[in-house]
Amino acid sequence: MTEARYELALYAATASSSRGRRHPEPPPALRTEFQRDRDRIIHATAFRRLVYKTQVFVNYEGDLYRTRLTHSLEVAQIARTAARALRLNEDLVEAIGLAHDLGHTPFGHAGQDALNDCMRDFGGFEHNLQSLRVVDELEDRYASFPGLNLTFETREGILKHCSLKHARGLGDVGERFLARRQPGLEAQLANIADEIAYNNHDVDDGLRSGLITLEQLSSLPFFAEHLRSVDREFPGQKPQRRGSETVRRMIGELVTDLVRTSGAAIATAAPQHIDDVRRLAHPLISFSHPLLEAQQALKAFLRDSLYSHPHVRQMTLQAQETVRLLFERLMADYGRMPEEHAERARAAAAANGAAGAARVVADYVAGMTDRFALQTRDALRAKA
Ligand code: MG
């Protein structure tokens with residue numbers, strides 16, 4: 001790989017083929033449109049909060065585990081590497097990678113499930129949709145528009161999944177779900193980079209925590225094969241290095257396979273423009289069959305051995321209780337939120353009834369960091 005600047009492929013996202021921003025703006029003087037998106041995401045309040053939001057291990061368990069922030073940085077890193085190799089737009093995949101989890105609640109998936117449950121009668125809560133809501137509406141820092149006013153392409157990538165019920169209300173960015181079509185390649189790539197990142201860093205964090213072991217992981221042929229080659233080449237290493245070196249090699253093989261397999265699929269489909277990619281019924285960014293199986297086995301292992309480990313389950317239950325308590329108490333008395341949110345809730349209740357107010361409360365709870373959620377819970381309990 002040379003240092004020379006690479007030329008984007010015909011089917012890569014570019015400013016000239018972009019579907020633009022919701023509120024038109026003059027082009028940036030020194031940056032590309034997607035660099036500007038990336039920069040706006042880094043300056044967003046929701047981005048800074050990711051540092052105190054749980055990935056799998058809650059923040060107070062230790063300083064060395066992944067948080068939502070470091071997870072997002074790893075997604076951006078993996079996506080950039082693959083994007084450059086495929087001559088896709090690196091700035092765009094980076095923007096998507098950094099923004100994709102902005103809508104996550106405190107306490108990871110447990111928090112999102114609890115909030116979704118609380119919102120059952122009010123339209124539900126989906127973290128992907130919430131990430132889009134954060135960048136489209138909730139960020140409040142620019143004089144001439146709400147949100148971050150990102151390009152269509154970044155928003156397309158952030159909205160990785162979406163129920164059909166919600167897709168209908170989303171306009172341009174929801175259309176592909178109704179038509180069962182694909183997003184651009186950068187969006188497809190950022191989505192898979194997310195999976196590569198979390199499967200591998202959860203193995204790494206799981207080993208560090210002692211909740212899973214190298215022996216257990218060796219039941220996975222993909223892991224065992226890399227661990228064996230590490231032991232063969234570097235016998236007598238301490239367990240932590242054996243684990244980390246194995247994870248590093250797994251990431252390397254997954255990314256290499258992804259680039260090769262996707263490169264071949266792109267060559268066969270021969271798209272000439274990003275819209276050719278969007279018209280396809282199937283994604284072009286994918287693993288080969290054996291690596292897809294390896295990745296799925298890793299995911300199943302983590303589900304059975306780490307995410308459902310009694311220690312993680314216990315945190316999950318506490319998190320669910322906290323989110324439920326926050327939602328119920330704040331719904332019962334909007335005045336317990338800061339005035340700006342309370343005012344929005346009252347206005348939403350007047351306009352749309354309980355569902356309107358519930359959305360404002362859900363936005364407020366979803367925006368909390370783990371520690372702020374716990375502080376607020378304690379304050380609400382003390383006052384009750
Ligand atoms: Mg993620």
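This note goes through the predicted model point by point, from overall fold to individual residues.

1. **Overall fold.** The protein has 18 helices and 0 strands. Its radius of gyration is 22 Å, close to the 21 Å that the globule rule gives for 384 residues, so the protein is as compact as a globular protein of that length. Along the principal axes, the C-alpha atoms fill a box of roughly 65 × 50 × 35 Å.

2. **Burial and contact range.** Of the 384 residues, 53% are buried. Take the contacts with a separation of 6 or more: 72% of them come from residues 24 or more positions apart.

3. **Magnesium site.** Which protein atoms hold the magnesium ion as donors? They are H71 (NE2), H100 (NE2), D101 (OD) and D194 (OD). Their distances from the ion run from 2.1 to 2.5 Å. Along the chain, the donors follow the spacing H-x28-H-D-x92-D. H71 belongs to helix α3 (residues 68-85), while D101 sits in the loop between α4 (90-99) and α5 (108-118), so this pair ties together parts that are 30 residues apart in sequence. Are H71 and D101 buried or exposed? Both are buried. For checking the geometry, ideal angles are 109.5 degrees for four tetrahedral donors, and 90 or 180 degrees for six octahedral ones.

4. **The aromatic pair.** A search of the whole structure gives 1 aromatic pair. The partners are Y142 and F145, with ring centres 5.2 Å apart and planes at 25°, so the pair is stacked. The cut-off for stacking is under 30 degrees. F145 is buried, at 9% relative accessibility. Y142 is partly exposed, with a relative accessible area of 27%.

5. **Charges over rings.** Y142 has a further neighbour: R40 lies over its face, 5.1 Å from the ring centre. A second case involves R371 and Y52. Here the charged end of R371 sits over the Y52 ring, at 3.6 Å from its centre.

6. **S288.** This residue is in the loop between α14 (274-278) and α15 (289-307). S288 has a relative accessible area of 18%, and is therefore buried, given the cut-off of under 20%. What is S288 in contact with, leaving aside its neighbours within four places in sequence? The partners are D257 and T261. With D257 there is a side-chain polar contact of 2.7 Å.

7. L8 is in the segment before α1 (33-42). L8 is partly exposed, at a relative accessible area of 31%. Not counting residues up to four places away in sequence, L8 touches A13, T14, R87, L88 and N89. M250 is 242 residues from L8 along the chain, and their C-alpha atoms are separated by 28 Å.

8. **Positive phi at R87.** Most residues other than glycine have a negative phi. R87, one of the residues that L8 touches, has a positive phi near 60°. R87 is placed in the loop between α3 and α4. At 39% relative accessibility, R87 is partly exposed.

9. **Positive phi at N149.** N149 is not a glycine either, and its phi is positive at about 50°. Its place is in the loop between α6 (127-138) and α7 (152-158). Is N149 buried or exposed? N149 is buried, with a relative accessible area of 4%.

Technical notes
Residues are numbered from 1 along each chain as its sequence is written. This is a predicted model: local features need pLDDT of at least 70, side-chain atom pairs count only at pLDDT 80 or more; totals for chains, interfaces and linings use all residues. Side-chain values use heavy atoms; hydrogens and water are left out. Rings of Phe, Tyr and Trp (its six-membered ring) pair if their centres lie within 6.5 Å; planes under 30 degrees apart count as stacked, over 60 as edge-to-face and the rest as tilted. Buried means under 20% relative accessible area, exposed over 50%, partly exposed in between (1.4 Å probe, protein chains only). A charge sits over a ring if NZ of Lys or CZ of Arg is within 6 Å of the ring centre and within 35 degrees of the ring normal. Donors are N, O and S atoms within 2.8 Å of the metal (3.2 Å for Na, K and Ca); water is not among the atoms, so sites may look incomplete. Helices (H or I, at least four residues) and strands (E, at least two) are DSSP runs, numbered from the N terminus. A polar contact is a pair of N or O atoms within 3.5 Å; within protein, one must be able to donate a hydrogen and the other to accept it, and residues adjacent in sequence count only if both atoms are side-chain atoms. Contact means heavy atoms within 4.5 Å. The radius of gyration is taken over C-alpha atoms; the globule rule is 2.2 Å times the number of residues to the power 0.38.
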